[in-house]
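This report goes through selected features of one model, from a helix and a charged residue to the annotated regions and domains.

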Protein chains: 2
Amino acid sequence: MTDTHTATTDGDLDVFALASRLSGGHVADNVEILNQLEPQDAAAVLVLLPVDISIEILDKPELNFGPEIVVALPRQTATILLAGMSADMAADIVQQLDEPARTELMQALDEPTRTTIEGLLAYPENTAGAMMTTEFVTVPATWTAERTLQHIRQVERTRETVYAIYVLDAFTRRLVGAVSLRRLISGEPSARIAELARSPITTSPLTDREEVARLISRHDMLAVPVVDKAGHVLGIVTVDDIIDAIIEENTEDAQKFGGMAATDQPYLQIGLPGMIRKRGGWLCVLFLGELLTASAMQHFEGELEKAIVLTLFIPLIMSSGGNSGSQATSLLIRALALREVKLGDWWRVALLELPTGLILGAMLGAIGLVRVVAWQKFGIYDYGEHWMLIGLTVAAALIGVVVFGSVAGSMLPFMLQRAGFDPASASAPLVATLVDVTGLMIYFSVALLILSGTLL
Amino acid sequence: MTDTHTATTDGDLDVFALASRLSGGHVADNVEILNQLEPQDAAAVLVLLPVDISIEILDKPELNFGPEIVVALPRQTATILLAGMSADMAADIVQQLDEPARTELMQALDEPTRTTIEGLLAYPENTAGAMMTTEFVTVPATWTAERTLQHIRQVERTRETVYAIYVLDAFTRRLVGAVSLRRLISGEPSARIAELARSPITTSPLTDREEVARLISRHDMLAVPVVDKAGHVLGIVTVDDIIDAIIEENTEDAQKFGGMAATDQPYLQIGLPGMIRKRGGWLCVLFLGELLTASAMQHFEGELEKAIVLTLFIPLIMSSGGNSGSQATSLLIRALALREVKLGDWWRVALLELPTGLILGAMLGAIGLVRVVAWQKFGIYDYGEHWMLIGLTVAAALIGVVVFGSVAGSMLPFMLQRAGFDPASASAPLVATLVDVTGLMIYFSVALLILSGTLL
């Protein structure tokens, strides 16, 4: 691929040589090659390719500049390719076009393609309706297996998948069953298709893509039909779209857990302004939250002045709370996403996190205590005459902070879900911020309790 | 499902009623019902079900206590079901059995099933070899489309998928092509299968499951053949196994990013000892790292005593570094996993993170400065006569810490990958710990620079 890249940057790209190379390649490789080019150059290559190969390339969600390439194509080529693409991908591209190109192109499309794309664009992003394709196979319930197979042979080229065949009531055209191609070819040719069909598992157009992914993975389906309230099939969501959706969803969740707004752009394409937009907002919000730690510290200023030795352990104690909270939050976000726990299970979780936090806190507290004792005994640092009390304060505060971190961290995703947000909006930095202020309070309260009358 | 659950805890489960209910249900629902039962009760129900329905249930990876159920079954039923299951799932179950049950059951199996399972068990976990199934369709290159279709009709019941047909050289039995069922039924019946076939995309048995997932998703395949070095097909990995693998992989990555050891058990089944094991190790390691903050603070004890006002901002500054680091790390882990950036791109990333960190740090620094000025001016808190210098120290330290956090956080996944580890082993708490100690150093160094001669 390096040679292609060099050719572009040199400015004299041999589009004919590239087109001939692409027409013999795997579509995934072709997409990677075109991703290295400027959109105008990619369009120049596409024009030279056979129409079916161009359509195959534009149909891949991995193609980076689909809309830019379509705009750079001659209008007539663009309409032919859009009409030949799977409807969901064509709608995706049209959606990303700027005006006036969008309206112009839509008007140039043939009537059925335009109506289909307009229909798909009407559904909110990340729903089954927005993901579905309208190219699927339906047959009336009265047909035989043989006639169905004959029909599939005829329409195969224009359908995204033929592995699931949807059986409609001959009069109402409502979905009454689904037959896999596998079952169709192994069945008796004279059998009525309705007899081979199973009762279909369906979804609705407004179902979230995460829910659709769960359904497909649960039932090991290759496609799920999207039906309206009356039971008419609007489209199907196929397993390859679902894999893309799962990967995208996981990227978004990982970024959100890292404490930033999700982005579906590849890293190197986000650019500096995009980085600031995606990261600056949350960073400022978290910073405003963390400003409370300064207020908390100001509140305990008197204690700090009397026992400056206490400040030495502030970072240690705060971070331990944040770390245990981050563990609990990451566990619960996934458990809720995979439906391993439900909203009503919050008390079970709390009952498990409480002893977990106690034991983990005791472990850290023991290490902390050993450290204070060791440093004192070996003369590495002098914590003053009350060094044992200081060690105990640190240990007790660690237990308190880790318990609070574990419980708060595990409850945060529940609270978000309860409030109607995505539990995956909880992030490690958010938990750390929540736990930091409380951690300081716990530390100074414990110190007041243990050191009152001696140091404080 | 509540009724089932109540019935179990009551102790008088009507296995006959349940079996009759299950024999009419969707397999995914059946699995959920059996997951509510004790393994012995589930086994008692399975015995009563038709063999094909039991096999379908045991074949689902969502079944929680597969090995326990198999052990609780009569030996003869167990061997029949294992022989009927898809080979990859049967191997999964055998692998999880304890001795002596494992050896006993293996010896009771028929020869071909035992050999197949032993072969699959020889591959390391999470590789294509361990995931693949051995039930797939192969035909000699000399056959016609019609004969192939006839063959599929005969063997369909015993194959996990028939949607991809692998064409072998008639003599060497090496893989020479792959035909989709779709292409097969739409082709001329008299056409030679070798003419319909495309050159196959393959993987090797030791390929990591993440890599296999990438391959399947890249080429929108329903299955990928696993071949040995000589080109013989050992098995196939199907798209439904890949979806399960992607979900499992993402769960593991999310847990690792949260700062704990990955677990594939559902949350409520981990139990207290498991929680301590999975979380305690990393928490202690991170704690030991954080102990360095105490040493750093001790190092600057003189400065702390002179200017106790500086301690007020320690949590704020440290957490800002951790937060910006967490953002950068989560971005880069996903970018590396999705191959959006490669190891050699580290300098591009550093060149983008540097100005990003500068701008984000300047934003936070400005807020921090405004806060100090506002509190001073409105008389909320008195930072002393050098309040402006303190504000500037905080602002400058924030810029330094956020730049360091962004750059260090983005480089950590590269360093892990370079050292041969999974970049996803980088966690938010790990980054925070790395940044905390340096953050303190930056803060105190900046303070010495700005406040030397006044406060310090």
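How many of the 24 residues of H19(B) are buried? In this predicted model, 24 of the 24 residues of H19(B) are buried, so the helix is largely enclosed by the rest of the structure. Helix H19 of chain B runs over residues 314-337, and because 24 residues at 1.5 Å a residue should span 34 Å, the distance of 34 Å between its end C-alpha atoms agrees with expectation. Just after H19(B), Arg339(B) adopts a positive phi of about 60°.

A charged residue of chain B also deserves attention. Asp253(B) belongs to helix H16 of chain B, which comprises residues 239-257. Asp253(B) is buried but has no salt bridge, and the nearest side chain of opposite charge, that of Lys256(B), is 4.0 Å away. When residues up to four places away in sequence are not counted, Asp253(B) touches Asp422(B) and Ala424(B).

In chain A, the UniProt annotation "domain: CBS", taken from an unreviewed entry, covers residues 132-195 and residues 196-252. The two spans are set out below.

| Span of chain A | Helix | Strand | Distance between end C-alpha atoms |
|---|---|---|---|
| Residues 132-195 | 31% helix | 23% strand | 27 Å |
| Residues 196-252 | 44% helix | 19% strand | 41 Å |

The domain assignment of chain A, for its part, gives domain 1 (2-122), domain 2 (137-254) and domain 3 (267-451). The centres of domain 2 and domain 3 of chain A, taken over C-alpha atoms, are separated by 49 Å, and the contact takes four residues from domain 2 of chain A and five residues from domain 3 of chain A.

Terms used
Residues numbered from 1 in each chain as written. Chains lettered and ligands numbered in written order. Predicted model: local features only at pLDDT ≥ 70, side-chain atom pairs only at ≥ 80, totals over all residues. Heavy atoms only, no water. UniProt positions renumbered as here; feature names shortened; annotations may be inferred. Helix = DSSP H or I, 4+ residues; strand = E, 2+ residues; numbered from the N terminus. Buried < 20%, exposed > 50% of the residue type's maximum accessible area, 1.4 Å probe, protein only. Lys, Arg positive; Asp, Glu negative; His and termini not counted. Contact = heavy atoms within 4.5 Å. Expected span 1.5 Å × (residues − 1). Domains from an automatic or database assignment.
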